[in-house]
Amino acid sequence: FAVRDLAGETILITAGGTREPIDPVRFLGNRSSGKMGYALAEAAAQRGARVLLVSAPTALAVPPGCEFVPIIEAAEMQQAVLAHLPEATMVIAAAAVADFRPSHVAAQKIKRKGPITLTLEPTEDIVRAAVAQRAPGTFVIAFAAETEDALHNARAKLLRKGVDAIVVNDVSLPGLGFDSDRNAAIFLTESSAVDLPESPKQVLAHRILDEAVQQKREQKAV
Ligand code: PMT
């Protein structure tokens, strides 16, 4: 790959869908395949970055040159992200982290005897914790998976989480977003919105990194 514009950067990327255990054999999960996060990891490594890939279980091979940190649950992802945060010059949170987990994990497989009720508790907000604990200059990019009013909701998320940028994808569109090979997004900052048109996730990953490099440079220049 010709452009090594990320040489010297250490990029911490989260990918995949976390799994929150219900009992020894069951979990709450989501439809994330990890493809978006892995495409970002591969693209960043090609461009010369050191890549730390914190990943929930996926069916994908670890991209060449990436350091792999496998996790399963949201709490483990949070621990891994915060442990590696001091090394990171950039964080890209592409993972679909569970927002809720069962408050209680059954020690034995739950028997199929009539209806049961699961009580859920919220998980920790990993991106928010990363923003709170980052060193000055560490550029943090979150994703926003929206199904309605994408731009409006993402703007609110950008401010609430305190991130430098947010990659908004409308996950209600057929053939895009979760568990597909293609995606489309808007790269949103407090003062800009750049449309990244539908393309294979590998191509979109490079476009996201282009925007990240430019924004990080502009931030430094201010
Ligand atoms: O994996 P693929 O099949 O390729 O699909 C890609 C994708 C649709 C999963 C990806 O493009 C995407 O949108 N990832 C973010 C999914 C998500 O959980 O979005 P959210 O709007 O719920 O969360 C916003 C941000 O907060 C995300 O950066 C998320 O990683 C982060 N988060 C969420 C919950 C939580 N408890 N802690 C977090 O840090």
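Biologist: Which element gives the most to the shell around the ligand?

Modeller: Strand S9 does, with 4 residues. Keep in mind that this is a predicted model.

Biologist: And which residues come nearest to the ligand?

Modeller: Ser33, Lys35, Met36, Ala93 and Ile126, out of 27 residues around the ligand. The elements that give two or more residues to that shell are helix H1 (35–46), helix H3 and strand S9 (139–146).

Biologist: How do the shell residues divide into nonpolar, polar and charged?

Modeller: There are 15 nonpolar, 7 polar and 5 charged residues around the ligand.

Biologist: What does UniProt list for "binding site"?

Modeller: The unreviewed entry lists Asp99, Lys109, Phe143, Lys157 and Lys161. They are spread over 63 residues of sequence. They are spread in space too, with up to 37.4 Å between C-alpha atoms.

Biologist: Where is Lys109?

Modeller: In a loop. Lys109 sits between strand S7 (100–102) and strand S8 (120–122).

Biologist: Switching to helices. At what angle do H1 and H5 pack?

Modeller: About 60°, with the axes 8 Å apart. H5 covers residues 201–221. H1 and H5 are therefore oblique to each other.

Biologist: Is the crossing of H1 and H5 left-handed or right-handed?

Modeller: Right-handed.

Biologist: Which residues make the contact?

Modeller: From H1, Lys35, Met36, Ala39, Leu40, Ala43 and Ala44. From H5, Lys201, Gln202, Ala205, His206, Ile208 and Leu209. The residues of this contact divide into 8 nonpolar, 2 polar and 2 charged.

Biologist: What about H2 and H3: at what angle do they cross?

Modeller: Roughly 20°. The axes of H2 (residues 74–84) and H3 (residues 126–133) come within 10 Å. That makes H2 roughly parallel to H3, because angles under 35 degrees count that way.

Biologist: What is the handedness of the crossing of H2 and H3?

Modeller: The crossing of H2 and H3 is right-handed.

Biologist: Which residues meet there?

Modeller: Met77, Gln78, Val81 and Leu82 in H2 meet Ile126, Ala129, Ala130 and Gln133 in H3. The contact has 6 nonpolar residues, 2 polar and no charged. Ile126 is also one of the residues that come nearest to the ligand.

Key:
Residues are numbered from 1 along each chain as its sequence is written. This is a predicted model: local features need pLDDT of at least 70, side-chain atom pairs count only at pLDDT 80 or more; totals for chains, interfaces and linings use all residues. Axes are lines fitted to C-alpha atoms, for helices over the stretch in contact, and angles run from 0 to 180 degrees between N-to-C directions. Angles under 35 degrees count as roughly parallel, over 145 as roughly antiparallel, 65 to 115 as roughly perpendicular and the rest as oblique. A crossing is left-handed if the near helix is turned anticlockwise from the far one by less than a right angle, and right-handed if clockwise. Two residues are in contact if their C-beta atoms, placed from the backbone, lie within 7 Å. Ala, Val, Leu, Ile, Met, Phe, Trp, Tyr, Cys and Pro count as nonpolar, Asp, Glu, Lys and Arg as charged, and the others, Gly among them, as polar. A residue is near a molecule or strand if its C-beta atom, placed from the backbone, lies within 6 Å of it. UniProt positions are given in the numbering used here, feature names are shortened, and annotations may be inferred rather than shown by experiment.
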